[in-house]
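User: I'd like to learn how to read packing features in a model. Could you walk me through some?

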Amino acid sequence: MESFKRTVTCGELRASDAGKSVTLNAWVHRNRDFGGVQFIVLRDRYGIVQAVVDADASAQLKQLAANLKFEYCVAVLGRVRTRPSDQINKDMSTGEIELAVEQLIVLNACDVLPFMIDDVSNANEELRLKYRYLDLRSFSMQRKLKLRHDVTWRVREYLVNQGFFEIETPTLIRSTPEGARDYLVPSRIHRGSFYALPQSPQLYKQLLMVGGMDKYFQIARCYRDEDARGDRQPEFTQVDIEMSYVGREDIFALMEGMFAHVFKNTLNIDLQIPFRRLSYDQAIELYGSDKPDLRFAWEIQDLASLAAKSSFDVFTSTLAQGGSVKVLVAKNCGTYSRKQITDLEDVAKTYRAKGLAWIKVGEAGSGLDSSGLDGGIAKFFTTQAADLISSTGAQAGDLLLFVADKHKVACSALGAVRARLGKDLNLADPKAFAFAWIIDFPLFEYNEEEKKWDAAHHMFSMPQEQFLETMESDPGAVKGDLYDLVCNGYELASGSIRINTPELQQRVFNIVGFDAAEGQKKFGFLLDAFKYGAPPHGGIAPGLDRLIMLMAGESTIREVIAFPKNTNAYSPMDDSPAGVDQQQLQELGIKIQAREND
């Protein structure tokens, strides 16, 4: 191999290299015979270049070149020459030159490909995942993994320059209740006991603050046994950050600076900072979501005052029972068919709404009266047409969409309809990034099934000071010092100021059903640490996969992870998860019990 080791890469040759003798190691991207002249397009991670076996080449070389198939791994020795002016390819960075082949060595042949290796693969995802090592050769995947590398490097660069230490935390930890199911790892030495893979380094980064590390970060691998979806994987990566002696504003400033640094140095985009801020209640009221897509401005409106005066029983009875009536003005959607509206209603029902009422706004005959409304529940607003149009800001050609239900259901259902319309109508600029902080989250949420209070995020978040005295008597009213960073309809980061005293931590445990004995059993090491002068601290954890997904313009994080699992948390490439042999199970003291329906 030493004699055929590359001296240059496929993407770096230019006209200034003409006359040089070089060696390339690459894959055969294309191979074409033009009247006895063989044109071979070579590809590596750095680009593509054209090599030419001329008509006067030796018969042996011509035969070898003619037999090359797609994705053969080859070494090509030759001399760089400029192309004739009428053959320059302006679409290639190397388009001014070509390589006159003098020697050709096949380093490894290639079987028949399951799909073509091109800029973007047109194979279905399951096939791409089965042959991921081939999919990774495409320029599309290589661009995305380069972006991942660049973003990760810029994150490290920024945080190190801000005085942070990068510190690793364990991946074999104690199983603790953190929301999702743990992935468990049986111990051979301590038979019957299990480690868990961390859902996040939450407790350890707090202990690092107790240990005086002051500013910590980690590009942390995290594991959650939950149903997969486009922006979820069983294993994922987050930029885990914790700081001592800080408040919310310090963390916001740090994150805005970090994201501005990353975007400028990877995509050459100048982010507008500071980011917009919305309270949780505002986000739900206006957009029906705590992760709204703010690239388009459609806002949900409250219609209670007008609905109460209407003759529509659904609205009046909902309000009488303490519910809400919300409306969304779908601009220029007055031409929607009944089927299209029914499709939107199905979206609303997915979020537990009982239905989706509607009215189309047309041209009024003379002034804004009932002739300006048409279809759906228009007849129930005969005497209120002008007020309805005026209060909602609707115009001719718009479609009014209504949900009457419990307050959160009405907001969430219309929020889902808003998101669906945004996607269907291409309302959001795909090149825009609309960041916002969502603040003042509820600290607790009521679990209707189990009739108990749960932590809305996790149990280690600080209650806002004004709620400390009434926390036990009215948990539902408590706001936490919690915050999320959202962008384009996705939650990119979540964080909080943390509890740092054992007394306050135990009060929170009590509310969510962990008495002192249970709290000590599950989290005793953390409570004990808080007794030794634990400083005030807080942190945040941006999701690296989601961030890169958005930056790459993709809709699933599988596109920006080298070796992801599919939607069933399964890897078609290496068939994992897989069974293990009986001896391994015996060493661990584990017996597999078949399911009843197996």
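Analyst: Buried means under 20% relative accessible area, exposed means over 50%, and partly exposed lies in between (1.4 Å probe, protein chains only). Before going on: this is a predicted model, where local features need pLDDT of at least 70, side-chain atom pairs count only at pLDDT 80 or more, and totals for chains, interfaces and linings use all residues. Residues are numbered from 1 along each chain as its sequence is written, and side-chain values use heavy atoms, leaving out hydrogens and water.

User: How is the ring pair of W437 and Y483 arranged?

Analyst: Rings of Phe, Tyr and Trp (its six-membered ring) pair if their centres lie within 6.5 Å; planes under 30 degrees apart are stacked, over 60 edge-to-face, and the rest tilted. Here the centres of W437 and Y483 are 6.4 Å apart with the planes at 85°, so the pair is edge-to-face. It joins distant parts of the chain, 46 residues apart: W437 sits in strand 17 (residues 435–439) and Y483 in strand 20 (residues 482–487). Strands (E, at least two residues) and helices (H or I, at least four) are DSSP runs numbered from the N terminus. Y483 is buried too, at 0% relative accessibility.

User: How many aromatic pairs does the structure hold?

Analyst: There are 22. One of them, F34 with F39, is edge-to-face, at 5.6 Å centre to centre and 85° between the planes. There's also an aromatic cluster made up of F259, F263, F275, F433 and F435.

User: What should I look at when two helices pack?

Analyst: Two packed helices are described by the angle between their axes and the distance between the axes. Axes are lines fitted to C-alpha atoms, for helices over the stretch in contact, with angles from 0 to 180 degrees between N-to-C directions. Helix 7 (residues 280–287) and helix 12 (residues 407–424) pack at about 60°, axes 7 Å apart. That makes helix 7 oblique to helix 12; under 35 degrees is roughly parallel, over 145 roughly antiparallel, 65 to 115 roughly perpendicular, and the rest oblique.

User: Which residues of helix 7 and helix 12 meet?

Analyst: Y280, I284, E285 and Y287 in helix 7 meet H407, K408, C411, G415 and R418 in helix 12, contact meaning heavy atoms within 4.5 Å.

User: Where does the charged end of R418 sit?

Analyst: Over the ring of F296, 4.1 Å from its centre. The test is CZ of Arg or NZ of Lys within 6 Å of the ring centre and within 35 degrees of the ring normal.
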